[in-house]
Amino acid sequence: MNSTLQCLYSAEGLKQALQTYQASALSEPNAKLAQAARELFAELQRGGEPLSPFKFLLTMRQRFPQFAQQTNEGLYMQQDAEECWTQVMYALKEQLKVGQSSQEGSAVSGY
């Protein structure tokens with residue numbers, strides 16, 4: 001997940017779209033994930049101390065339960081970065097295109 005977040009954070013168009021993002025209904029799972037990404041990116045932008053993306057991680061695990069799978073010992077299982085990228089990008093694409101005309105597309109379509 002960390003490599004996916006670092007890659008997403010380097011996408012200027014995505015950062016700009018998240019800065020202006022206003023969730024219409026936080027009861028919607030994709031809206032919760034987009035809001036968590038917005039808050040995480042804002043914290044990263046401020047800089048300073050290293051941070052752990054716990055809120056984003058918990059929100060992602062709620063939205064995509066496969067990332068909450070645990071071993072018999074109770075440890076979280078290793079997950080594929082490409083799967084994480086695909087799931088997060090799909091959710092953000094669906095959420096960030098709200099309020100845009102269909103000609104504009106989504107802020108994440110180019111990624």
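Predicted model: local features only at pLDDT ≥ 70, side-chain atom pairs only at ≥ 80, totals over all residues.
Next I checked the length of helix 3. Just past the helix, I found Gly47 with a positive phi of about 75°.

Then I asked which residues of helix 3 are buried. My list reads Asn30, Ala31, Leu33, Ala34, Gln35, Ala36, Ala37, Leu40 and Phe41. These buried residues pack against helix 1, helix 2, helix 4 and helix 5.

On to the largest nonpolar core, which has 26 residues; Leu14, Phe56, Met60 and Leu92 touch the most other members. Helix 1 (2-9), helix 2 (12-20), helix 3 (29-46), helix 4 (54-63) and helix 5 (81-96) each put in at least two residues. Helix 3 gives the most, with seven.

Leaving out residues up to four places away in sequence, Met60 touches Met1, Leu33, Phe67, Cys84 and Val88.

Last stop was the largest pocket, with about 290 Å³ of space. I counted 17 lining residues, and Met1, Asn2, Leu57, Arg61 and Gln79 lie nearest the centre. Helix 1, helix 4 and helix 5 each supply at least two residues of the lining. Which helix gives the largest share of that lining? I noted helix 4, with four residues.

Conventions. Residues numbered from 1 in each chain as written. Heavy atoms only, no water. Core = buried A, V, L, I, M, F, W, Y, C linked by side-chain atoms within 4.5 Å. Buried < 20%, exposed > 50% of the residue type's maximum accessible area, 1.4 Å probe, protein only. Contact = heavy atoms within 4.5 Å. 1 Å grid on protein atoms, 1.4 Å probe; cavity = no way out; pocket = protein on both sides within 12 Å on 5 of 7 lines; lining within 4 Å. Points joined across faces, edges and corners; volume = space filled by probe spheres on them.
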